[in-house]
Amino acid sequence: MRVAGKGLVNRDKSVTFRFDGVSYTGFEGDTVASALLANGITLMGRSFKYHRPRGVLTAGSEEPNAMVTVGEGAGAEPNVRATVQEIYEGLMVRSQNAWPSLDFDVMAVNDLAAPFLGAGFYYKTFMWPKRFWEAIYEPVIRKAAGLGALSGKHNEDTYEKAFAFCDLLVIGAGPAGLMAALAAGRAGVDVILCDEDMQVGGRLLAESGAVGHLSGADWAASVMAELEAMANVRVMTRTTVTGAYDGGTFGALERVNQHTGKRGGGAPLECFWRIAAKRSVLAAGALERPIAFQNNDRPGVMTAGAVRAYLNRWGVSPGEKVTVFGNNDDAHRTALDLAAAGVHVAALIDSRQGITVEAASFPVIVGAQVCNAAGRKALESVTVRTSAGEQSIQTDCLAVSGGWNPTVHLTCHMNGRPTWREDIQAFVPTAGSIPDMAVAGACDGVFSTLGCLKDGLRAGQEAAEALGKRVVAVDLPVADDAAYALEPLWAVAGKGRAWLDFQNDVSVKDIKQAAVENFRSVEHMKRYTTQGMATDQGKNSNVMALAVLADATGRGIPETGTTTFRPPYGPVAIAAMGAGAQGHGFAPERFTTSHKRSVERGAPMIEAGLWYRPSYFPKAGETTWRQSCDREVGYVRKAVGVCDVSTLGKIDIQGPDAAELLDFVYTNLFSTLQVGRVRYGLMLREDGTVMDDGTCARLGETHYVMTTTTAAAGAVMRHLEFVTQCLHPEWQVAFTSVTEQWAQFAVAGPKARELLNGVLAQPVDGESFPFMGCGPVEVAGVQGRLFRISFSGEHAYEVAVPSRYGASLFDLLLEHAERMGGGAYGMEALNVLRIEKGFITHAEIDGRRTAFDIGAARMISAKKDCVGKTMAARAGLMDEMRPQMVGIKPVDAAAVLSAGAHLYECGAAQVNGNGLGHVTSVGYSPDLGLQIGIAFVARGAARHGDVVRFVDAVRGLETDVEVCAPVFVDPEGGRVRG
Amino acid sequence: MRFSALRVLREGLTGNKGWTPHWRDPQPKAEYDAIIIGGGGHGLSTAYYLAKEHGLTNVAVLEKGYIGGGNVGRNTTIVRANYGLPGNSEFYSHSLKLWEGLEEDLNYNVMHSQRGQLMLCHSDGQRDAFARRGNQMIAQGDDAELLDREGVRRLVPYLDFDNTRFPIYGGLMHARGGTARHDAVAWGYARGADQRGVDLIQQCEVTGIDIENGVVKGVQTTRGAIRAKKVGVVVAGRSSQVAAMAGMRLPIESHVLQAFVTEGLKPVIDHVISFGMGHFYISQSDKGGLVFGGDLDFYSSYASRGNLPMAEHVMEAGMTLMPMIGKAKVLRSWGGIMDMTPDGSPIIDKTETEGLFLNCGWCYGGFKAVPGSGNSFAHLMATGNHHAPAAKYRLDRFRTGVDLMDEEATGSQHNLH
Amino acid sequence: MRIDCPLCGARDRREFYYQGAAVALNRPAPDAGVEAWDDYVHLRDNPAGETRDLWHHEAGCGAWLVVTRDTVSHAVSRVELATDVKGAMA
């Protein structure tokens, strides 16, 4: 219910939203939780395991109970904290993990079976009969588990990622964070201040105390106004810093439009930030912890700080008759604030003896503990135990405080461990856990408002000084400086189940049972009981559970230790951290200059690394790709074909030591290559396996152009950089990738020269451009390069022009080719053409092949050292039983072959260990009228003519194939030289 | 104590007061027949099989932290036998068969769930490589099914088939692949070993290995010296350090691999699915969390935590493959330390020191290997002979080049496997 | 993680390619023997603590860098150009 005269919500602006189909009204500034509480709704969720009714526990992002689904259809987002989600007009919220309804959930039957479902029960059963696990037990368990549901539809919302840089990142905009940002900002430091709340102020918004002559909220607003006016300060609200990483990098999630529900129009729903900061101040505050007692999970039982927040910030009292129970002075504020606001306080129960509360207008029971709570779906009463006995108090809200835990999480993200402080019975950050991070305020165990302001001021000034700025004076406002005093109370002794991890339904008994079963390590306890593994990651319960475990194992809390704090601090949507990748954004797209022309000609474009290349160019009347492919192969074998080969890596290498570099990275010699000639080269990795192959042309005495395969272009470039910087910095050689600068087209076929002579300024002949010749040419008025090289075994050239002329040249070449009975060919035809000649691609040199394997051992020059030479000579890499490259053709000409098939001796068992090798490439040769392939076969070079068994079990193919030399067309090589 | 539904029922009715420790916490003895350094999954299973299959029960497992605290408690829980190269094929096939009988063998529910593992391919070349792999799996006696695009769509219609950077061409389905509850595997082996008399000694860090005249004599620990006739080193993530105690330098570089889990969700992903173009694999745990991971962070590390670039890359892969997971929220990320070898395959071998044995180099495939690794390592330690399924996991293969098993085909750069 | 490239300044880890231990600079002579080559290509000190490794500023200036770094804390203490380091070895 709303309390008159209280709260910061805008009472002039009412907002209507729906929860489980029912319409409710709240005010601007409300969260779903505060608005529901204002409407008298306390049942907001069901627990994970026992489906116990649960109300809201907290007023912040640590909420374990009030988890809801926001939105509908593809936009539905499960597991949203009702305490964080702001209401907006038309907001649709549903409860989750309950069927048929939140009020009546049949799965609550689990609660009755609880004695059999204790810690680790599933490890001890569901084992028999064996096949029942996948068939019955697991599906039932899976269906019962989980909280909310994904829609199952593709994401339709926009998410973004961004980088930000600053000198000082201040995390948390409570009193400490605001003072730190103010001090640093005034000193001229470049500051980013992040807070996950919708407005700055932190606990000041939830407390009634004044700062200076202003209310806490007004003071925060005044500081915010000053910060926003500073050009060097950026304040990011609704932004949770999720993780601390190396080198001053932080992750942060900004909820850009989650509070407006605005979709589309380019505005993202959320943005994931990568913030690089020279220094940081962690002022993330503290989280209140409850106390475990029987049925302490009843809806209406909340943290005392949350009750105060609902009252002071949202003007809501979560109950009509509120009882407060705590072990510390701070809890008293809740009772005092409620009473001052006119809310009936049934009692203040303090577990400590001899405590007095000044100006209390309500019963104060000291030395007492709440030991039970009653009311299944809403709290009705609590039982209070004193030395005099037990009494029942009628109440609909219990505000509990077991003390405060500093929010140490980020300081532990780089393997830091927090330090136990006996005086506040809590873990605090260990200094130096994150390089260049200072900790200030409540997250360092400073709990008074004045203390936080002072500490923040200190941290801000120290940061400014460390960043080389002159410190500017900042006045410290007057504020509450009350001491924080508590006596530890973790779990009230008694029967029944006292809850620790509310969402995962872990009770004190579970922890004790784990200890009995020797799960005494805190990590074992956690993993065995699931304590702390819920969506709050133990923020509300871990310290209590540690204390219970410490007690059960006879150790102290510091020796018991904590589990590991891991990023993210708060949950982050995959769509946010993975923003930009959905659809085509996952990797860059590279297009050749002929891309558009190829698409216009109807060519299906396929991915080749990051590039797109045409698969084939269909013609009218062709119904299968094979028809197109066969025709295109025919162009090259009988007339002339044109193919864009620009995707091959091209590296321009110049300098006096260029030849030395090439001799070192290629197995064969390039220093002996004549100017104006091209040579095929093989490159090894240092471990002796083949890295890449390609041609390299010598354009001048000190000038080469290397080509690489499309796939290896980047790796080869990196390799050259490695060799020239890390092994031979003394060499005078420079190189650069020119892949993008040159468009290059293969012109192949018996009519290739005729075609070229139709477009070149100076005709070429066998003398000016012999096989493996190269040189400058003028083509259609453009200075280009011509290489007489062939990947098809035909008389062929590659002609290169600056990229801006690529599309025009493609058009021109095709125009000529088509007139001559030829045309464009795509990757399918290119593949057949090269298989027919036994030319390799990365299907063959797959990263495990040696020069020996591909029959190129002689290409390793004996005259010089080269990368990989020594390791290639290892016995295991020269073993004659290694599979060697061969050709294969089916004994039955009609048989279908496939790549990936294994080869066995005919009649041998087709089992692991018996394999001779496998098939790497397959194509249909129109010339031969059958399918042919390239394969690797043990001792293959010596087995030409043998028949072996081809087995592709996954495709259901099996046939006899003949091993042969891997050259099917023009074995003498006459055509290429003609 | 034998576990069963009946036992759970009886305990439930009597207030769960009768449960006993899963394992003892014994004091280390002065001498053992065999010491296993490392109480992770592989070390515990080694101890279990030493006791069960070789009758060697005077055995201690020395663990510097808590048992199961290494990579066995920090992985993406995938169990499969879908390797493509001889050497790995027979080993992982053997391991999977042990998995299939593990619950009955251990009397512990490790929740081994053979829900099927689907590897997606995104080009003709990749499909052919999968065919080759599938044929190897079948030749080994395991299962494999090559699916075309429509076959994949029928199985997992929620993938993005229409608007994605690297379209799905098909996939290789391994029906017997799946997941298991990772911690339970460690606990089940620990309990089984303990019941057979093995001493599990936690908080006991080995600080030295005693070797005299080329023969191992025992170890120095933070809890004193312990003599032993045989010592097995099974310390993924610290292999180089422990091997250095015996004067060895290993072909290993340590790397961090991150993994991620989301908040609990109702069942939505029923298989293990891996993307072929960006190293991303995902399954849904029985609790409902989406468990997923990707590649190494790629720099050598002992920090067991990672950085944002790879975390983001993994989630980007998820978004391009299955954009329906966008609104699942990552709850936790973690990192494990991987022993990366120059061919991406492990080492189970003797050493030049008599009585000292080495089990390391599991890269990031160690979880599914837990039963097979312990089984084969126990065989080697007990008999002195290499166990057939792991016979190719030799330490000297890099020097000789014999039987390298480079599944990723990326060569001797450790982090690329 | 950020690396302070001597040529470009502090840049995000995304711009760099990691190769491995800086022993890669010490390529043995072709006839150094099988042990030396096994050492060079396969075996690693792999320290838990300070290490020197090779990174390539691939999406930046293209420089290969020798980075002195702690493998436990990930703290980078020194970044040098590989050409300088190799040059000094000559």
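# Close-up views of a predicted three-chain model

In chain C, the mean positions of the 10 positive and 14 negative charges are 6 Å apart. The model shown in these views is predicted.

**View 1. Chain C is built from 2 helices and 6 strands.** Start at the N terminus and follow the chain. The order of elements is β-β-β-α-β-β-β-α. Along the principal axes, the C-alpha atoms fill a box of roughly 40 × 25 × 20 Å. Of the 90 residues in chain C, 52% are buried. The accessible surface of chain C is about 3700 Å², and carbon and sulfur atoms supply 49% of that area. Now look at contacts between residues with a separation of 6 or more. In chain C, 45% of these contacts link residues 24 or more positions apart.

**View 2. Chain B contains 11 helices and 18 strands.** The radius of gyration of chain B is 21 Å, close to the 22 Å from the globule rule for 417 residues, so chain B is as compact as a globular protein of that length. The C-alpha trace of chain B spans about 65 × 65 × 40 Å along its principal axes. Buried residues account for 71% of the 417 residues. The accessible surface of chain B is about 11800 Å², with 50% belonging to carbon and sulfur atoms. Take the contacts in chain B between residues at least 6 apart in sequence. Of these, 74% join residues at least 24 apart. Chain B also carries 42 positive and 44 negative charges, and their mean positions are 5 Å apart.

**View 3. Chain B is assigned two stretches of structure as domain 1 and domain 2.** Domain 1 takes in residues 5-77, 183-250 and 343-416. Domain 2 takes in 114-177 and 254-340. The C-alpha centres of these domains of chain B lie 28 Å apart. Where they meet, 17 residues of domain 1 are in contact with 22 residues of domain 2.

**View 4. B:P346 is a buried proline in a loop.** The loop runs between β16 (329-340) and β17 (347-350) of chain B. The relative accessible area of B:P346 is 2%, so this residue counts as buried. Which residues does B:P346 touch, leaving out those up to four places away in sequence? They are B:N88, B:Y92, B:C360, B:G361, B:W362, B:Y393 and B:R397. Look at B:W362 in this group. B:W362 and B:P346 are 16 residues apart along the chain, yet their C-alpha atoms are separated by 4.6 Å.

**View 5. B:W99 sits in helix α3 of chain B.** This helix covers residues 88-100. Is B:W99 buried or exposed? B:W99 is buried, with a relative accessible area of 0%. Beyond its neighbours within four places in sequence, B:W99 has contacts that include B:V79, B:V110, B:H112 and B:A180. B:V185, B:F367, B:K368 and B:P371 are also in contact with B:W99. The C-alpha atoms of B:W99 and B:V370 are separated by 8.9 Å, although these residues are 271 apart along the chain.

**View 6. Helix α9 of chain A has a set of buried residues.** The helix covers residues 508-516. Its buried residues are A:V508, A:D510, A:I511, A:Q513, A:A514 and A:A515. What covers them? The cover includes strands β29 (499-501) and β30 (506-507) of chain A. Helices α10 (522-529) and α11 (542-552) of chain A are also part of the cover. After α9 comes A:N518, with a positive phi near 70 degrees.

**View 7. Two prolines of chain A follow cis peptide bonds.** Most peptide bonds are trans. The bond from A:W99 to A:P100 is cis, with omega near 5 degrees. A:P100 lies in the loop between β7 (92-95) and α2 (109-112) of chain A. The bond joining A:P567 and A:P568 is cis too, with omega about 0 degrees. A:P568 is found in the loop between α12 (557-560) and β31 (572-573) of chain A.

**View 8. A:A780 and B:N16 each have a positive phi of about 50 degrees.** Most residues other than glycine have a negative phi. A:A780 lies in the loop between β41 (774-779) and β42 (782-787) of chain A. With 56% relative accessibility, A:A780 is exposed. B:N16 lies in the loop between α1 (5-13) and β1 (31-37) of chain B. At 23% relative accessibility, B:N16 is partly exposed.

Definitions and conventions. Residues are numbered from 1 along each chain as its sequence is written. Chains are lettered from A and ligands numbered from 1 in the order in which they are written. This is a predicted model: local features need pLDDT of at least 70, side-chain atom pairs count only at pLDDT 80 or more; totals for chains, interfaces and linings use all residues. Side-chain values use heavy atoms; hydrogens and water are left out. Helices (H or I, at least four residues) and strands (E, at least two) are DSSP runs, numbered from the N terminus. The radius of gyration is taken over C-alpha atoms; the globule rule is 2.2 Å times the number of residues to the power 0.38. Buried means under 20% relative accessible area, exposed over 50%, partly exposed in between (1.4 Å probe, protein chains only). Contact means heavy atoms within 4.5 Å. Accessible areas come from the Shrake-Rupley method with a 1.4 Å probe; for residues, only the protein chains shown count as cover. Lys and Arg count as positive and Asp and Glu as negative; His and the chain ends are not counted. The place of a charge is taken as NZ of Lys, CZ of Arg, CG of Asp or CD of Glu. Domain bounds come from an automatic or database domain assignment.
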